[in-house]
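Work through the following exercises with the sequence and the model side by side.

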Amino acid sequence: MTTTELTAPRTGAKGTPDGRGTGRRRVLGAGKQLHAGPVTYVVLTVFALVSLAPLVWTAVAASRNNERLAQTPPPLWFGGNLFKNLQAAWDQAGLGTAMVNSTIVAGTITVGTVVFSTLAGFAFAKLRFRFSGLLLLLTIGTMMIPPQLAVVPLYLWMSDLGWSNQLQTVILPTLVSAFGTFFMRQYLLQALPTELIEAARVDGASSLRVVWHVVFPAARPAMAVLGLLTFVMAWNDFLWPIIALNQQNPTVQVALNSLGTGYVPDQAVIMAGALLGTLPLLIAFLLFGKQIVGGIMQGAIKG
């Protein structure tokens with residue numbers, strides 16, 4: 001081999017050294033930030049306005065009176081009775097106690113569902129035990145059963161325990177979610193490498209330490225999403241709380257039910273109560289929405 005052969009660069013298919021020029025251009029092109037066009041902004045703006053329309057209409061109706069809401073066409077802008085109707089809804093429904101109860105119920109259900117679903121999802125995804133496939137099939141099968149079928153036996157069970165009209169009656173049946181278990185199982189299958197668990201075992205980590213230092217950090221993005229979905233569902237739950245609780249110890253949805261009573265229900269006050277019941281969800285999303293979306297993107301990049 002001559003000196004020229006040793007020093008001359010090899011050419012690839014496109015005539016570039018080692019054929020790497022094209023690959024480099026592809027990498028640089030892939031690293032550029034994508035920019036949305038005007039059509040994208042228009043479509044997103046339309047979807048945002050359509051999504052916000054029910055909330056805006058609720059606020060508009062809450063700021064009017066019952067007589068104006070009954071007229072045609074309905075009002076399209078805010079009136080001057082918003083704070084008056086909010087105060088009336090707060091007093092008539094007893095929303096102070098209801099807000100505290102809903103916070104306790106939704107918070108406890110969210111924490112329990114996220115923790116237990118993550119543990120169960122990890123077991124189904126990464127642990128090997130007998131009848132795991134059958135147990136997973138049974139867990140998913142419970143999602144096919146209408147919740148209305150469980151109301152009567154569940155109510156009798158809670159009555160036998162002496163928990164009627166108590167918050168644990170609403171909390172206990174929903175501490176574990178079949179959907180949450182399946183959701184976390186599917187996420188951990190891809191996001192948690194088996195080699196990482198085996199390395200922790202080799203280092204002498206116990207099962208509890210593996211869960212705390214390996215599983216939970218890897219599952220954090222999915223846990224945030226599941227926590228937000230669970231909190232919203234628990235806060236808005238109406239069927240079981242209206243059966244298990246009374247107006248002396250209500251959640252928000254049970255308390256709002258009392259606003260619709262009477263010969264002529266005051267629609268403006270009902271809308272004001274619905275607005276008050278929605279505000280905690282909006283505040284929670286404004287405070288933690290950025291972290292949740294950031295967690296989702298972080299999990300997607302790592303995945």
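**Exercise 1.** Determine in which hand H6 passes H10, and describe how these two helices pack in this predicted model.

*Solution.* Begin with the hand: the crossing in which H6 passes H10 is right-handed. Next take the geometry, where the axes of H6 and H10 lie 7 Å apart and the packing angle is about 50°. Because angles of 65 to 115 degrees count as roughly perpendicular and those under 35 degrees as roughly parallel, H6 is oblique to H10. Then list the residues that touch: H6 contributes Ser-117, Thr-118, Ala-120, Gly-121, Phe-122, Phe-124, Ala-125 and Lys-126, while H10 contributes Gly-180, Thr-181, Met-184, Arg-185, Leu-188 and Leu-189. Finally, sort the residues of this contact by class, which gives 7 nonpolar, 5 polar and 2 charged.

**Exercise 2.** Find the angle at which the axes of H10 and H12 cross, and state which classes of residue make up the contact of H10 with H12.

*Solution.* The axes of H10 and H12 cross at roughly 135° and come within 10 Å. Since angles have to be over 145 degrees to count as roughly antiparallel, H10 is oblique to H12. As for the hand, H10 passes H12 in a right-handed crossing. On the H10 side the contact is made by Phe-179, Gly-180, Phe-183, Met-184, Tyr-187, Leu-188 and Ala-191, and on the H12 side by Val-215, Ala-218, Ala-219, Pro-221, Ala-222, Met-223, Val-225 and Leu-226. Sorted by class, the contact of H10 with H12 consists of 14 nonpolar residues and 1 polar residue, with no charged residues.

**Exercise 3.** Describe the packing of helix H11 (residues 194-202) against helix H12 (residues 207-236).

*Solution.* The angle between H11 and H12 is about 135°, and their axes are 10 Å apart; H11 and H12 are therefore oblique to each other. The crossing of H11 past H12 is right-handed. Leu-196, Ile-197, Ala-200 and Arg-201 of H11 make the contact with Ser-207, Val-210 and Val-214 of H12. The class count for the contact of H11 with H12 is 5 nonpolar, 1 polar and 1 charged residues.

**Exercise 4.** Give the volume of the largest pocket, and work out which element supplies the largest share of its lining.

*Solution.* The volume of the largest pocket is about 1,100 Å³. Of its 32 lining residues, Pro-147, Pro-173, Thr-174, Val-176 and Met-233 are the closest to the centre. Turning to the elements, those that give two or more residues to the lining are helix H6 (95-126), helix H8 (151-160), helix H10 (178-191), H12 and helix H13 (239-244). The largest share of the lining, 6 residues, is supplied by H12.

Terms used:
Residues numbered from 1 in each chain as written. Predicted model: local features only at pLDDT ≥ 70, side-chain atom pairs only at ≥ 80, totals over all residues. Heavy atoms only, no water. Axes fitted to C-alpha atoms, helices over the stretch in contact; angles between N-to-C directions. Helix = DSSP H or I, 4+ residues; strand = E, 2+ residues; numbered from the N terminus. Left-handed = near helix turned anticlockwise from the far one by under 90°. Contact = heavy atoms within 4.5 Å. Nonpolar A, V, L, I, M, F, W, Y, C, P; charged D, E, K, R; others polar. 1 Å grid on protein atoms, 1.4 Å probe; cavity = no way out; pocket = protein on both sides within 12 Å on 5 of 7 lines; lining within 4 Å. Points joined across faces, edges and corners; volume = space filled by probe spheres on them.
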